[in-house]
Amino acid sequence: MLAEVFSMNGYGVYVWASYGIAFAILGLNVFLARGYRKKVLSKVILNSTNTQD
Amino acid sequence: MWALLYKLASPKTFYQWSRPLMYGFALLTIVFLTIGIFSGLFLAPADYQQGDAFRIIYIHVPSAFMSLFVYAIMSFCALLIVVWKFKMADVVIKAAAPLGASFTLLALVTGSIWGKPMWGTWWIWDARLTSELILLFLYVGVMALQTSLKNKPRSEVIVAIMVLIGFVDIPIVHYSVSWWNTLHQGATILKFAKPSISSNMLYPLLIMLMAFISYFVTMMLYRTRTEILWRERKSTWIKNVLGDL
């Protein structure tokens, strides 16, 4: 049963690769956006504390 | 009406109202993705000609649709910059371009993977594939131009003009299968007549389309909020925002 799901009648490699790449690209977008926000936040906080001084 | 729109689009107001909206769309993305992937992979029947390989459609078609949709949004924003000098539109273009590029890349890669078992080749220089590849170059070009013109005067207008020139490619991508004799199949969903796809296969596709749209809105709001945070870092209201974090 599980083997049938994975094999997709011989097209498993193509189907699962497509879904895997989709998750990788969409996930990478989230990861990079979070990283950029963290970087911006630390710079803005630094800028804010420097201004206060 | 215009006064309300201007107020909603001011960086400070946008930053406030976009937060709950972003979380709402993030939730919708998870729900639609879960239902869409399950029904696409396990509930939809196999195609009588393509077998289970057709299930790539649930990734390929939404990403191809989004590649055009995101560029159309960017073009609308570019028009707002050129005609009305609308500042927030530039922020939206910056936030949307990498997402559009990702969808285009995904459409090209999944199309290539689908093409191998169906057409016997990973790639062919037919009109649909070539115009979609040009769209990817346009996205990359917009991002490169934004980076190279950073902090330069009127950079947003130059980027907007480039986006508007690139819009020529959008109808070419969409109508390429009608205008030229291509290996890529014709329209089955986005056409004026009734879609020529079984409803059992269509509904998961529409759900996946909603998932991709929700994902785009979530990520665009997230990236736009980050960009506002950076551009408005010297404003006093930012200190209140930082206090809430």
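This is a predicted model: local features need pLDDT of at least 70, side-chain atom pairs count only at pLDDT 80 or more; totals for chains, interfaces and linings use all residues.
Residues are numbered from 1 along each chain as its sequence is written, and chains are lettered from A in the order in which they are written.

Helix H2 of chain B covers residues 11-43, helices being DSSP runs of H or I with at least four residues, numbered from the N terminus. H2(B) has 33 residues and spans 44 Å from first to last C-alpha, close to the 48 Å expected at 1.5 Å a residue, the expectation being 1.5 Å times one less than the number of residues. At Ser18(B) the helix H2(B) bends by about 35 degrees, with Pro20(B) following within four residues; the bend is the angle between axes fitted to the seven residues ending there and the seven starting there.

H2(B) packs against helix H8 (residues 199-231) of chain B at an angle of about 150 degrees, the axes lying 6 Å apart. The pair is therefore roughly antiparallel, a term for angles over 145 degrees.

H4(B) bends by about 30 degrees at Ala96(B), and Pro98(B) follows within four residues. Of its 33 residues, 25 are buried, meaning that 20 or more other C-beta atoms lie within 10 Å of a residue's own, with C-beta atoms placed from the backbone. After H4(B) comes Gly120(B), whose phi is positive, near 85 degrees.

Definitions and conventions: Axes are lines fitted to C-alpha atoms, for helices over the stretch in contact, and angles run from 0 to 180 degrees between N-to-C directions. Helices (H or I, at least four residues) and strands (E, at least two) are DSSP runs, numbered from the N terminus. Angles under 35 degrees count as roughly parallel, over 145 as roughly antiparallel, 65 to 115 as roughly perpendicular and the rest as oblique. A residue is buried if 20 or more other C-beta atoms lie within 10 Å of its own, exposed if 12 or fewer, and partly exposed in between; C-beta atoms are placed from the backbone.
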